[in-house]
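I opened my notebook to look through a new model with two chains. Here is what I looked up, one entry at a time.

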Amino acid sequence: MSKTAPPQQDHTIRVAGEKGEVTLAVSGRLALENLNVVRTEIQGLLSQIAPARLAVDLAGVEYLDSAGALVLLEVEGAARARNIAFSFVNLTPEVQGILDLIDPAALSTPPLISEKTPALLEQVGEASLRIWRDLVQVMTFLGELLLALAYSLLHPRSVRWGEVFFYLKRAGVDGLPIVGLISLLLGLIIAFMSSLQLKQFGANIYVASLLAIAMVKELGPIMTAILVAGRSGSAFAAEIGTMVVNEEVDALVSMGFDPVRFLAVPKVLATVVAVPLLTLYADLFGILGGMIVGVVGLDLTVFTYISETQKSLDLFEIVSSLVKAGVFAVLIAGIGCQRGFQVRGGAQSVGAATTSAVVAAIFLIIVTDSAFAIVLHYIQ
Amino acid sequence: MIISDKTPVILVEGLTARFGDDVIFENVNFQVYRGEILVILGGSGCGKSTLLKHMIGLYRPAAGRVLVNGVDVNTDDDKELRRLRMGIGVLFQSGALFGSMTLAENLALPLQEYTDLSPADIELIVKMKLGLVQLAGYENHLPSEISGGMKKRAGLARAMALDPNVLFFDEPSAGLDPITSVELDNLINSINAGMGTTMVIVTHELESIFSIAHRVVILDKGARGIIAMGDPRDLQEHSQDPRVVNFFNRKPMH
């Protein structure tokens, strides 16, 4: 779309007078849309005639807006810079009014905050400090959260159970379809891909144990945790962040509530219950996916598949994977709430907190998972 | 000041606002003349802000129409709408500055969208407009770094970026201390006097009414429309309507 109509000849500038003393009679419309035309025209005239004394006659001006007035003041400034005696003549009250409103000093006021970008070394230093401060904040918050959780366990009546059930539904029940679907497909794919290899050695039967171990030990907890981080961790960050922006968190503090206990504890408790249950559910659907491939593609019976699965798993593996899921849950909900509380400013900050909640949660999930892998290896 | 000019800039004709079955006001008619400061008054819930939102085309009326500069604010013609948008500026209650942009970027936005000016010219106009609202030097500040009164002034500068001939204000003094509020009133008066801008202001602050309003329109919730219109001093001294008398005496209406 074209922005403004092509500049029409809606103004005229007439030159009158001798070489020494020149009058520019400006008439018509001086406005935002012909700012450039008028400016070039007047500057051209000035450089051609270079008078000793210049008067700008504004009697014929029909319409003047602040951009038009700006041009007139620019002409005045340019004339004075070249030692030309300058004056406006025939000012109508309207024109005078607009000229008076504009403060020429404001045009040359330097910005109070400079736009200068810092040197590379400075940027690196600042970024390192930022990461360090962030780490300290996360650790402090997790400490506060654990204290609040401990307090809640000792004083169960202080917990807002209504909220806990609300978030249990949000993070847990509402997540069932997507967790089930993804785990089922994951089970199907892994079983199918591995069966292509195992068939060659006549080791069809091992598809069941491969899938059971992979799902229960690693994929179930991790996939569930990543899905919950995306669905609920982000929601927690956005919710608390918006409350910070609306001063609702300040209101809580002023009323004597501990925002961590009031806002974060119900979310964490709900997630800690929901994630292990979802993990179990994901394991089942993954194994079901493998069973479909086993029965349809590998000529195994349902009974053989299930008994092979049972043989390859022991209770320790299942329980430790659920404990791992519980730890993931604390991390997801904790980091979500922490990022929310960190919000300062407005809408953009809420967006950044939401993104950061998901990214940080996934990062922590993977790091913690590695730690679990090593520790469990030595315990078992 | 071009107050005597009786050319209507805004025409409100038979305007009715309804949310579902809830009628806010019915058959409202008035005009705003060129260079005039018209204040829309009334208690909470009488539909002042709703009326303003109809006047700037944010809401579609249930009946009637609003013409600003001769254009129906609900027109579907893109060209007309563009012309209309260039001719009006709105200062929202909180300033409505974009939080992720500096003041300079906020002000430059309408200039970039509606004109072909070079970046240098836009910068110059931004500086001028910031100077106009006494915020010279604040171009690189973010809205979160300035006070409430400054946000309103910056919002006003953005509303005036294209030199509109009509400015709308929604509760300009809401949330401001009395001194800042008087300063804003003075700024409104000086812009009106200097540039001859027509202004429509929604407020319930009695103090500022007498210092800025050329004419007031008083809405009433019970009457679902206008109960009085005219010079505020005149209404305060001579009105016989108990609702108007009570409003000026700050007594509850019902």
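**Entry 1: where the chains touch.** Before counting anything I needed a rule: two residues are in contact if their C-beta atoms, placed from the backbone, lie within 7 Å. I also reminded myself that this is a predicted model. With that rule, I found that chain A brings 27 residues to the contact and chain B brings 29 residues. Which of them gives the most? I found that α3(A) does, with 5 residues. I then sorted this side of chain A by class and got 14 nonpolar, 7 polar and 6 charged residues.

Entry 2: For the complex, I wrote down an ipTM of 0.72 and a pTM of 0.71 from the predictor. Chain B has a mean pLDDT of 86, and 96% of its residues reach 70 or more. Where in chain B is confidence lowest, and where is it highest? I found the lowest mean, 81, in helix α9 (residues 242-248) of chain B, and the highest, 92, in strand β8 (residues 198-202) of chain B. A reminder to myself: where pLDDT is low, predicted coordinates should not be read in detail.

**Entry 3: the build of chain A.** I counted 13 helices and 4 strands in chain A. Its radius of gyration is 36 Å, while the globule rule gives 21 Å for 380 residues, so chain A is more spread out than a compact globule. The C-alpha trace of chain A spans about 110 × 60 × 40 Å along its principal axes. I also looked up the domains of chain A: domain 1 covers 11-107 and domain 2 covers 126-379. The centres of these two domains of chain A, taken over C-alpha atoms, are 70 Å apart. Of the 380 residues of chain A, 35% count as buried. I checked the contacts in chain A between residues at least 6 apart in sequence, and 84% of them join residues at least 24 apart.

**Entry 4: the nonpolar cores.** The largest nonpolar core holds 98 residues, and B:V39 and B:I40 touch the most other members. I saw that α2(A) gives the most to this core, with 6 residues. Then I followed B:I40 and left out residues up to four places away in sequence; among those it touches are B:K48, B:L51, B:V200 and B:L219. There is also a second, separate core of 67 residues, which includes A:L186, A:V228, A:A274 and A:L364.

**Entry 5: one valine and a helix in chain B.** Where is B:V73? I found B:V73 in the loop between β5 and α2 of chain B. Why does B:V73 count as buried? Because B:V73 has 24 C-beta neighbours inside 10 Å, and 20 or more is enough to be buried. Beyond its neighbours within four places in sequence, B:V73 is in contact with B:M55, B:I56, B:G57, B:V66, B:V68 and B:L84. B:L84 turned up again in helix α2 (residues 78-87) of chain B, where the buried residues are B:L84, B:R85 and B:M86. The cover over the buried residues of α2(B) includes β4 (63-68), β5 (71-72), β6 (88-91) and α3 (103-114) of chain B.

Note on methods
Residues numbered from 1 in each chain as written. Chains lettered and ligands numbered in written order. Predicted model: local features only at pLDDT ≥ 70, side-chain atom pairs only at ≥ 80, totals over all residues. Helix = DSSP H or I, 4+ residues; strand = E, 2+ residues; numbered from the N terminus. Nonpolar A, V, L, I, M, F, W, Y, C, P; charged D, E, K, R; others polar. pLDDT = per-residue confidence, 0-100. Domains from an automatic or database assignment. Buried ≥ 20, exposed ≤ 12 C-beta atoms within 10 Å, placed from the backbone. Rg over C-alpha atoms; globule rule 2.2 N^0.38 Å. Core = buried A, V, L, I, M, F, W, Y, C linked by C-beta atoms within 7 Å.
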